[in-house]
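Biologist: Could you walk me through this one and tell me what stands behind each label you use? I'd like the cut-offs as well as the words.

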Amino acid sequence: MAVRTDRTPLVVVGDALLDRDLTGTADRLAPDAPVPVVQECAERIRPGGAALAAYLAARDGREVTLIAGVGEDPAGLALRELLAPWLKLIPLPLTGTVPEKTRVLAQDRPVVRLDRGGGRVREATDEARDALGCARAVLVSDYGRGAADALRDVLAARPPLVWDPHPRGGPPVPGTRLVTPAEKEAHGFAPSEDRPGGGLRAAALNAAALVRDWRVAAVTVTLGSRGALLSYGEHPLLVPAPAAHHGDSCGAGDRFAATAAAVLADGTLVDEAVEGAVSAATAFVAAGGAAAVPPAGSERALAALPDTDDPGALAARIRAEHGTVVAAGGCFDLLHAGHVGLLQAARRLGDCLVVCVNSDASVRRGKGGGRPVNPLADRVRVLRALACVDAVAVFDEDTPERLLGELRPDVWVKGGDYAGADLPEAGLLKEWGGQAVLLPYLDGRSSTALLARAAEGAR
């Protein structure tokens, strides 16, 4: 993965897990018990817990250091191997072994989960204290296994940007900028006299109570497919999810926390960080959740992206290094927040993003004689200026199918406003094992609407 030097390095402190998925099919019950028989299981391991949050941040192109309990047991060694190409690991000594969580899935739906390994962090180390003491940005991913507690004095002296809590862990240190409990967690954490029933009002009251009780700057309660509620102590802000996806949500909380911490590290306001985190978590679930994260063990860190204007050369380079090529397409006539959100989410799905943009003639055929407003050269220049865009390719036809056949991306992304229509490129992607996906646009953003408002203003 190419590390972008314009992004603030991130230190993740927390409890690392090793996650394993056994995925197969089930079409009958066992003869000796009313349980499904899952057969032809394929096994896949990946980082879990704090290790997943750190891995996702590293895959975004950020320099990441993970401080977590990782021993020399088989699970610990496997975890070290998965993480080694992507980030720096500062291990903390464990009592016991690295926790392992194994899910058995049939037709991609969980059937049962098996847990083993109850390792807890025994103590902090001087290396961990030094790294944490000079960190510019810190995310605490607390899974209740001792890492945050062992370093609580250092964290209290320099409160982290984001604290992702766990019911079995301790409270965040006072002064933390943003705490990110899930809805049920917030209900359990709230002081008993402040615990209302369920629903949005309950989430708002819980969040406000936790801001006061924990003495933190803000609490955002994640609400799954409903988005997140952000509170500074009163008058909460509801950030709705751009689309509802009911797929595998495993890892969505780690995606949310990693994104919020990364965005805050780069100087963004808390409410903007929460909006970005909601969009990232939504896109993460839409793409398949943790099960769809590219396997770390089959990849190695990619060198810096080549300084080239040749999208084909970039795609070939990423494929040669076992990376994931993502492509997205559109006119991008008047670039707006919906475009930017879509492209940022698309970039997080792989190791490079190639934007396929319509030529001027192609736009005119599709949208009429008054378009595009901005000529091709200007549209390409603006797209190339976005940090999430690695290359821009131009096509003159009505559809990008010829260009896609040349680039052969692993993932093809279209905006959510295509949800009611077919994706003609989907069949083409299948020819080389690629996947077409829909990601949501921000509601109410479109070039056509911008032009209409501008025309109305001129009148």
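What follows is a chat about salt bridges, a sheet, an annotated site and a few single residues.

Modeller: Ground rules before we start: this is a predicted model, where local features need pLDDT of at least 70, side-chain atom pairs count only at pLDDT 80 or more, and totals for chains, interfaces and linings use all residues. Residues are numbered from 1 along each chain as its sequence is written, and side-chain values use heavy atoms, with hydrogens and water left out.

Biologist: Fine. What makes Arg46 and Asp21 a salt bridge?

Modeller: The term asks for a side-chain nitrogen of Lys or Arg within 4 Å of a carboxyl oxygen of Asp or Glu. For Arg46 and Asp21 the N to O distance is 2.8 Å, so the pair meets that definition. Arg46 sits in strand β3 (residues 39-49) and Asp21 in strand β2 (residues 16-25), which puts these distant parts of the chain 25 residues apart. Helices (H or I, at least four residues) and strands (E, at least two) are DSSP runs, numbered from the N terminus. Both Arg46 and Asp21 are buried.

Biologist: How many salt bridges does the structure hold?

Modeller: There are 21. Another one joins Asp266 and Arg62, with the closest N and O atoms 2.9 Å apart. Here 204 residues separate the partners: Asp266 is in the loop between α8 (252-265) and α9 (270-286), and Arg62 is in the loop between α1 (50-59) and β4 (64-69).

Biologist: Why is Arg62 called buried, and why is Asp266 called partly exposed?

Modeller: Buried means under 20% relative accessible area, exposed means over 50%, and partly exposed is in between (1.4 Å probe, protein chains only). Arg62 has 6%, so buried is the word for Arg62. Asp266 has 37%, so Asp266 goes down as partly exposed.

Biologist: What about Glu100 and Arg116, what makes them a pair?

Modeller: Their side chains meet in a salt bridge at 3.3 Å, N to O. Glu100 belongs to strand β7 (residues 100-106) and Arg116 to strand β8 (residues 109-116), so the bridge ties together parts 16 residues apart in sequence. Glu100 has a relative accessible area of 11%, so Glu100 is buried, whereas Arg116 has 55% and is therefore exposed. Salt bridges with shared partners also join Arg20, Glu43, Glu100 and Arg116 into one network.

Biologist: Which strands form the open sheet, and in what order?

Modeller: The order is β3-β2-β7-β8, 4 strands with mixed pairing. Two strands pair if DSSP finds at least two bridges between them.

Biologist: Why are β3 and β8 the edge strands?

Modeller: Each of the two pairs on one side only. From one strand to the next, the twist averages 20°.

Biologist: And how do you know that β2 and β7 pair?

Modeller: DSSP has 7 bridges joining β2 to β7, and at least two are needed, so they count as a pair. The two strands run parallel. Over on the β3 side, α1 lies across β2 and β3, running at about 80° to β3. The axes are lines fitted to C-alpha atoms, for helices over the stretch in contact, and angles run from 0 to 180 degrees between N-to-C directions.

Biologist: Which residue carries the "active site" annotation?

Modeller: Asp254, according to an unreviewed UniProt entry. UniProt positions are given in the numbering used here, feature names are shortened, and annotations may be inferred rather than shown by experiment. Asp254 is in helix α8.

Biologist: Why is Asp254 called buried, and what does Asp254 touch?

Modeller: Asp254 has 5% relative accessibility, so Asp254 counts as buried. Leaving aside residues up to four places away in sequence, Asp254 touches Gly49, Leu52, Ala53, Leu56, Ser141, Tyr143 and Asp164. A contact needs heavy atoms within 4.5 Å.

Biologist: Last one: why is Gln39 called partly exposed?

Modeller: Gln39, in strand β3, has 29% relative accessibility, so partly exposed is the label.
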